Amino acid sequence: MLCFAYDGSINGDWVSHYAIHLAAHHGSRTLRLIHISDGTLAPGDLRERIAHLRERCAGQGVVLQDEVRPRRGEVYTDLLALLPPGDETLVICGARARASNLGFLAGTVSERLLEARGIRTMAVRVMNPGLLGVPRRFLLPLAGTPEGLATSLPFLRLFAPEIETIHILMVKEVRRARFRHLTAAKGLALLEPARAYLHSVEQELRARLPLPAGAVDDTVVLSDDAPKEILIVANRIRSRLILLGASQRNLPDKFFFGNPIEQVLRNAPCDVAIVSGAA
Amino acid sequence: MNANAGQIQNVQPERVFALLHTRPEGLRAAEVAARLAEIGPNALATRARHRWLAILVRQCINFFSLLLDLSAAICFVAEAMQPGEGMAMLGWALLGVSVLNAVFGFLQEYRAERAMEALRRFLPQRVTVRREGRDQEVLAEALVPGDLLLLAEGNRIPADARLVACTEMVVNNAPLTGEAKPQPLTANAVQTGLTESLNIAFAGCAVLKGNGEAVVFATGDRTEFGTIASLSQDIRRTVSPLERETNRMVRVLSAIAVCVGILFFAYGVVIGNSLWMNLVWMLGIIVAFVPEGLLPTLTFSLAIGSLRMARRNVLVKGLNAVEAMGALHVICTDKTGTLTLNRLAVTHLVDGLRGEPLAGTGRAGFLRLAVIASEVRAGAAGFTGDPLDVAVVDLYAAEVGAPEPLLANTRRHFAFDVRKRREAGLYAGEDEIVFALKGAWESLRPLVAALSDPGGGPPVGAEPEALERIERNVAELASHGLRVIALAHRPLAAPPEPGTPQETLEQGLVFDGLMGIEDPLRPEVPAAVAACRGADIRVILVTGDHPDTAEAVARRAGILGAEEAPGRHTMTGRELEALREAELIERLRDGILVFARTTPEQKMKIVLALKRMGLVVGMTGDGVNDAPALKAADVGIAMGLRGTDVAREAAQVILLDDNFASIVNGVVEGRTIFRNLRKFTDYVLAHNVPEIVPYLVYLVFPVPLAINIIQILSIDLGTDIVPAIALGQEPHEADTMRRPPREIEARLLDWPVVAHSYLFLGLLEAAYSQALFYFVLVLGGWSYGDPLGPTDPLNRSGMGIALSSIMLMQIGNLVGRRSQYGTGIDLGLIRNRLIVLGVALEVFFSWAVLYLPSAHRVLGTGPVDPSIYALAWLGIPYIFGLDYLRKRVLLWHRTGRVVPVVQAAP
């Protein structure tokens, strides 16, 4: 089941393009829209927006099931109660359109969904609304952890029919002081294990997704600043979506400005999707 | 592809409103307010407001500045301990240098922020939108996604917007794409990527002609323009090799100084000296070891080097780029204007079928049609417009007659379409009505129905064999480096309806022939490319031109040798796009030297692949979207004449004349500077040993101190500064461009330099100055173990001769440092006037410290007998001679024979 946590904003409408597009590739071809109404949006406006979404869903052969519930407690807990349990449930939600003092995710419902165990969540920051949820060119930064690709795969499968290129990136991070004085030879030696790892990931990706020939490429970079390298590579390959896996281990307490995920969200030249797994 | 799924450019105009949550009459006021509150204003975001403060602080606490501050602090401590000896003045001088260094670094880094200002100038202040059914002018910042934007001729586009209606709209996308050709837009759906779409009006670009209505879908940082702006700020300049080297050198020297200082402080404590005495020793040792003058000298030398480069049309924005130019392994260069003169001339008019030159009436008729298909404006200084169109009209004027009547009766013009790669004109005179079309042969070929007869006969059918022959003639012309333009026309019986689309007119065309257009190579380019080859610098041509044209120009320039097989070293942008980075690296290793039909975005891919190969890369660029690649390159080189402000801000080096040969001049200067830096480092370090040895001896033996802190500083920051700068200004040697680029790991301070300066020259100088010091003491009646205070006249005389002899021996060192294996005199002493000045200063001060009363007061020195001063003069041939002997032995040892020494370039 594909669920879309909709807040009724223009940013929510942008994120809905992703939700509808992924639903069109989901086996059920059904999108379950969940809106917890806290009164900030006039009922008439909400109805108009949902009708509009239903029309767009119909255009793509997707059935929209909307579930609008009044807020009882916290939006997050109300929302959580409405999500079907199980690994098959995928949730799509949005990051803030503009950074607050905390950043793009910190303090949002999306952050808590990403942190929640047992839910596969994708929180999207839409940088280019003109893509209408069809990014086609992907950047997949990996941290080298075992769950990296596993977290992203359920969503990548739904994107797969439209993927033109997918670029896997691994940033081998070293401390700034060391990086400034690292010789070229030592740098190359540090990258070798990462290359081997990426090669195996690439094989796995090809095996699991129906990707066109030549669609997968990879890069290993040595840097003292991983988020910045992600941004540079995203621009270089003209990526339209950075699909960043957030590990369950380091998610809590990390959604602040110094956090790499927040840095990518803040400065990305394209859309960013943060995904977390169901572990 | 699902007809309902796709990006905004892929959908039909009538669906755009629904997808962007708006309507044809525009947004309501409440919707605008809500979206503005949610998305923010349509403005490029700036980085943190106090970022400049962070940059300044970082510059103030870098190792360079801290070291200078420490030296200044030592001076102030010394002043407190020995008042009235001018230490405070030196302290202030050091602080001044430290501040200057910090300010200079700050300005360099802060400049990146200014690139943002340059970008902002591309955006308009006010725009016209339709809201609630009314057309109204609003601030561009108040624009929100979903607004219906009304665009007209002359407008700058404030945000990314999808066209839903347009009438003959032509835009200039140069600020975004670097492509100067006007781009006609359409409101229809297209099946291309977003950035290549012809139905999107992009922020920062300008409407040249026509008008249209477009729905805004991205504002501020979300626009394509905004992402470039954001990235230009984000990309960090990599640490230059020189920065890394000087940082390392200062760190190593300071670590040695501090360690030795602490060691002797501890030793002093153990043997029971007073704390203050130990402190003086420690400070003395640190001051003696740290080459305080090295950094200001280095900065000054680089500054002078940058001035010298500016005289050769290479404007260097950051001092480190001066040396980085010399480290280049690869230069990726543009073609138009850099390798060529950017002056188009029509040199061939050819019957496309037979490949023969057109002549007589056939030639005049051809030119007439070519003028109809061109768009120029007449001005006081002649015709202006696209250089190709101007070249065509000029040729018509020269060979046929005044083009004005033709131009006046050309009723419609269809601007050059980058995607279709053709342009056209519709002539409706009294004599005839004709539609003429010119463009790339590949784009005309499907439209050609017949071939004209240059002899004046009726057109013949376009049989496949005939088209193949034309194809071969096109390739033949392109292989000579010519840009090939095909020409075709269609006679019309009556003027078409106004607004008839170009596609309707482009049917049943009669092919007329081919034009060969040449952009002559700059005359100095082949020699410059040959110089690069000789210096093991790889030159790579990156151009948007056809592969044949690019390859031909590369051959004429010498980038490709005559023996290289065609196509073997050339890659197109399409191939490049499809390659993985590892594959690209492999192809580059195989020897790809020409990238044709590339886009500015692909430059970044080339730069990064080359950098991954461990090469130092220079990249030229002129457009806004070149900015990220210019920043990513080790040396970004912007064009001064035709470059945009954004490219110039992003680059480290600006070519004032856009000429490739100037890059090579810069490389020569850069290489010379690195070599000179090694020379003066060697020179400066040598005097540290005679400065430190007296402290070690004083600590271990019951003898007077031969040199005090102020005397050390008088050499470090006084007499040695000008000679060191003089070595920094040595002219380039004749073999500068015959050597390979220096290794990326090459050290400014390596073991041979340390061994030579410290263990050879330094020890020689220490031995001689100490010998003279004790000689004066013994002559004056001192015997081993006698206590002698620093103010004792005998000690002052001893100190004077020790100091004077170090200064004189540095003359021998100075001359010897000029050449690796030669005498240094053979390069011509007066050729570098700063050397003469340096020698004069050393001589003057060596005399002054002994015989000038004011110098006695400041330095604590005293006079000696002139015969002893004469002995100090023997220090010059002593150092020079032994060093030259070392060079000859070294040379003999390395080559087994005596070889001619390197000469300075004429």
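I count a residue as buried if 20 or more other C-beta atoms lie within 10 Å of its own. The model I am reading is predicted.

**S819(B)**

I looked up S819(B) with that cut-off in hand. I placed S819(B) in the loop of chain B between α30 and α31, the latter covering 833-851. I then took the C-alpha separation from S819(B) to K887(B): it is 9.6 Å, for two residues 68 apart along the chain.

**α29 and α30 of chain B**

I record the crossing of α29(B) past α30(B) as right-handed.

I listed the residues that meet. From α29(B) they include L761(B), Y768(B), L772(B), F773(B) and V776(B). From α30(B) they include L794(B), I801(B), A802(B), I806(B) and M809(B). E765(B) and S769(B) of α29(B) also take part, as do S797(B), G798(B) and N813(B) of α30(B). Sorted by class, I get eleven nonpolar, five polar and one charged residues in this contact.

**Chain A**

For chain A I took overall figures. I find nine helices and ten strands. The chain has 279 residues, and 48% of them count as buried. Of its contacts between residues at least 6 apart in sequence, 81% join residues at least 24 apart.

Methods
Residues are numbered from 1 along each chain as its sequence is written. Chains are lettered from A and ligands numbered from 1 in the order in which they are written. This is a predicted model: local features need pLDDT of at least 70, side-chain atom pairs count only at pLDDT 80 or more; totals for chains, interfaces and linings use all residues. Helices (H or I, at least four residues) and strands (E, at least two) are DSSP runs, numbered from the N terminus. A residue is buried if 20 or more other C-beta atoms lie within 10 Å of its own, exposed if 12 or fewer, and partly exposed in between; C-beta atoms are placed from the backbone. Two residues are in contact if their C-beta atoms, placed from the backbone, lie within 7 Å. A crossing is left-handed if the near helix is turned anticlockwise from the far one by less than a right angle, and right-handed if clockwise. Ala, Val, Leu, Ile, Met, Phe, Trp, Tyr, Cys and Pro count as nonpolar, Asp, Glu, Lys and Arg as charged, and the others, Gly among them, as polar.
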